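Here is a quick tour of some aromatic residues and the strands around them. Have a look at the model first, then read on.

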Amino acid sequence: PEYGSLKDEKLMAQLEQLSVLNNDLKDWKIPVFLAIGKNDTRVPPEDVRKIHRNLLQLNKESWFLEALNEGHTWSNWNNSRFLYYTEFTFYKKHLF
């Protein structure tokens, strides 16, 4: 609903074409960091898990972090701090 009516077939076809889930991940060349809240109502957590699994099957480096008690926005201080340090470790490994 955020991006338009699900009944708009033309729009839905465009969104499906753009979706990471429908693109060929074998062409991805950089490591990927994925983080999701299990209770996210905007991005289905299973979609993020699927991207992670597919990247691993293609021998692409993919880090995955899921908070069991978060939604789309991570509001728990401990979770946010853990996410921050994990992101920092990922960036340190791949950017420096």
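## A buried ring

Let's start with phenylalanine 90: this is a predicted model, and in it the residue has a relative accessibility of 6%, so it counts as buried, the cut-off being under 20%. Phenylalanine 33 is buried too.

If you search the whole structure, you'll find four aromatic pairs. Take phenylalanine 33 and phenylalanine 90: their ring centres sit 5.5 Å apart and the planes are at 50°, so this pair is tilted. Phenylalanine 33 belongs to strand β1 (residues 32–37) and phenylalanine 90 to helix α3 (residues 77–95), so the pair ties together parts 57 residues apart in sequence.

Phenylalanine 90 also pairs with tyrosine 91. Their centres are 5.9 Å apart with the planes at 70°, so that pair is edge-to-face. Put together, Phe33, Trp63, Phe90 and Tyr91 form one aromatic cluster.

## The strands behind it

Where does β1 go from here, and which strand does it pair with? Its partner is strand β2 (residues 62–67), and the two run in the parallel sense over six bridges. One detail to look for is leucine 34, whose bridge partner in β2 is phenylalanine 64.

There's a helix in this picture as well: β1, helix α2 (residues 45–57) and β2 make up a right-handed β-α-β unit.

Definitions and conventions. Residues are numbered from 1 along each chain as its sequence is written. This is a predicted model: local features need pLDDT of at least 70, side-chain atom pairs count only at pLDDT 80 or more; totals for chains, interfaces and linings use all residues. Side-chain values use heavy atoms; hydrogens and water are left out. Rings of Phe, Tyr and Trp (its six-membered ring) pair if their centres lie within 6.5 Å; planes under 30 degrees apart count as stacked, over 60 as edge-to-face and the rest as tilted. Helices (H or I, at least four residues) and strands (E, at least two) are DSSP runs, numbered from the N terminus. Buried means under 20% relative accessible area, exposed over 50%, partly exposed in between (1.4 Å probe, protein chains only). Two strands pair if DSSP finds at least two bridges between them. A crossover is right-handed if, with the strands pointing away from the viewer, the path from the first strand over the helix to the second runs clockwise.
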